[in-house]
Amino acid sequence: DDPKILSAIRIISGINSAAYWAMPELLPLLIIKVVNLSLKKGNSNYSPYNYAGFGLILASLGFYRYANKIGKAAISLVETFGAIDQKPRTYFVYNTFVRPWVSHIRSTLLPLADSYTNALQVGDLEFASHAALVYSYYSFLAGVDLEESARETEKYADATSALKQETDFYVLENYRQTISILSGNETFNGKIQGTYFDEEKMLKT
């Protein structure tokens, strides 16, 4: 209940995603700091998200079974706390970075779609966009019919564009172009170029 500790945990949790993209070597330190504070001072609404992040760390080290146990505990805890603002992030981290190591990748699709919807409902535009991106990517990897995958990827690309999440949008457009080529709608010339994406233009920007 120490307000200083809670503030520290909230601030650290708020910059985890930025660290993942800008300084990934810092991310484990941030996560472990919150995990240690949670274990010493008690859990808060932000703890499940960081426990899921700890699962990410364990999975990256090859400890998949332990990572999954931690990840499932994070999911259970976020539900127990009713932390609706942290639920999309917690589910996203578990289903993106942990669950695929122990379950078929198709098992992540519905939770990721739900994470997208739930993130929108709580105004977490960043993680709504991330969930849309990973859902589309994992659908493709899971071997979902290309026509269905194209429809879903188009839907989520439009959504990320509307959310002003430029990086996720361009990655999704890359996937759309790849699917279009694999579907035979466009010709592959050795580069990912066409209606939706042009790798040469992107490399110049």
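**Rings, pocket and loops**

Modeller: Y137 has a relative accessibility of 33% and counts as partly exposed; buried means under 20% relative accessible area, exposed over 50%, and partly exposed in between, with a 1.4 Å probe and protein chains only. This is a predicted model, where local features need pLDDT of at least 70, side-chain atom pairs count only at pLDDT 80 or more, and totals for chains, interfaces and linings use all residues. Residues are numbered from 1 along each chain as its sequence is written, and side-chain values use heavy atoms, with hydrogens and water left out.

Biologist: And Y138, buried or exposed?

Modeller: Y138 is buried, at 10% relative accessible area.

Biologist: How many aromatic pairs are there in the whole structure?

Modeller: The search finds 11. Rings of Phe, Tyr and Trp (its six-membered ring) pair if their centres lie within 6.5 Å; planes under 30 degrees apart are stacked, over 60 edge-to-face, and the rest tilted. Y64 and W101 make a stacked pair, with 4.5 Å between centres and 10° between planes.

Biologist: Where do Y64 and W101 sit in the chain?

Modeller: Y64 is in helix α4 (residues 64-81) and W101 in the loop between α5 and α6 (109-121), 37 residues apart. Helices are DSSP runs of H or I, at least four residues, numbered from the N terminus.

Biologist: What about the rings of Y137 and Y138?

Modeller: Their planes are at 40° and their centres 5.8 Å apart, so the Y137 and Y138 pair is tilted.

Biologist: Switching topic: how much space lies in the largest pocket?

Modeller: About 280 Å³, a volume being the space filled by probe spheres set on grid points that are joined across faces, edges and corners. A pocket is an open set of points on a 1 Å grid over the protein atoms alone, where a 1.4 Å probe fits, with protein on both sides within 12 Å along at least five of seven lines; lining residues have an atom within 4 Å of a point.

Biologist: Which residues lie nearest its centre?

Modeller: Y20, W21, F92, F97 and F127, out of 18 lining residues. Ring pairs also link those names, together with Y49, into a cluster.

Biologist: Last one, K164. Which loop is it in?

Modeller: K164 lies in the loop between α8 (146-162) and α9 (166-182). Its phi is near 65°, a positive value in a residue other than glycine. Most residues other than glycine have a negative phi. K164 counts as exposed, at 72% relative accessibility.

Technical notes
Helix = DSSP H or I, 4+ residues; strand = E, 2+ residues; numbered from the N terminus.
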